Amino acid sequence: KEDLDQEGWWRVLLHNDEIHTFEYVTESIVKVCPQLTKKKAFQITRTTHTAGVATVTTVWKQLAEQMCLGLQTYGLTVSIAPDANFNDNNEQAPEA
């Protein structure tokens, strides 16, 4: 618990690519993030396609790293970032 308090929450970010189909990306998300429904995974895929990047989930850092690596094994472009770097609109907050 102390480590979680120090590290805070991290976002798993999916970046758009022009290689994978919506179906492939959606299925990959569901396989790596079983807490997400297929419908939610498709919404994330669609948001990624239109906005260029979308938050898959927000979890503690170690799990975010595991999910990031899991999605990368499917060939997806994924990164993680501290949740504190974002504003309430799911967008990255500007640097101070």
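Predicted model: local features only at pLDDT ≥ 70, side-chain atom pairs only at ≥ 80, totals over all residues.
I started with the order of elements: from the N terminus on, the protein chain runs α-β-α-α-β-α-β. That makes 4 helices and 3 strands, taken as DSSP runs numbered from the N terminus (helices are H or I with at least four residues, strands are E with at least two).

Residues are numbered from 1 along each chain as its sequence is written, and side-chain values use heavy atoms, with hydrogens and water left out.

Next I looked at the sheet. The 3 strands form an open sheet in the order E2-E1-E3, with antiparallel pairing; two strands pair if DSSP finds at least two bridges between them. E2 (53–60) and E3 (77–82) are at the edges with a single partner strand each, so one side of each has no neighbour in the sheet. From one strand to the next, the twist averages 25 degrees.

I then checked E1 (residues 9–15), which pairs with E2 over 7 bridges in the antiparallel sense. Arg11 stands opposite Thr58 in E2.

Helix H4 (residues 61–72) lies across E1, E2 and E3 and runs at about 140 degrees to E2. Axes here are lines fitted to C-alpha atoms, for helices over the stretch in contact (heavy atoms within 4.5 Å), and angles run from 0 to 180 degrees between N-to-C directions.

Last, burial: 33% of the 96 residues in the protein chain count as buried, meaning under 20% relative accessible area (1.4 Å probe, protein chains only).

Note on methods
Buried < 20%, exposed > 50% of the residue type's maximum accessible area, 1.4 Å probe, protein only.
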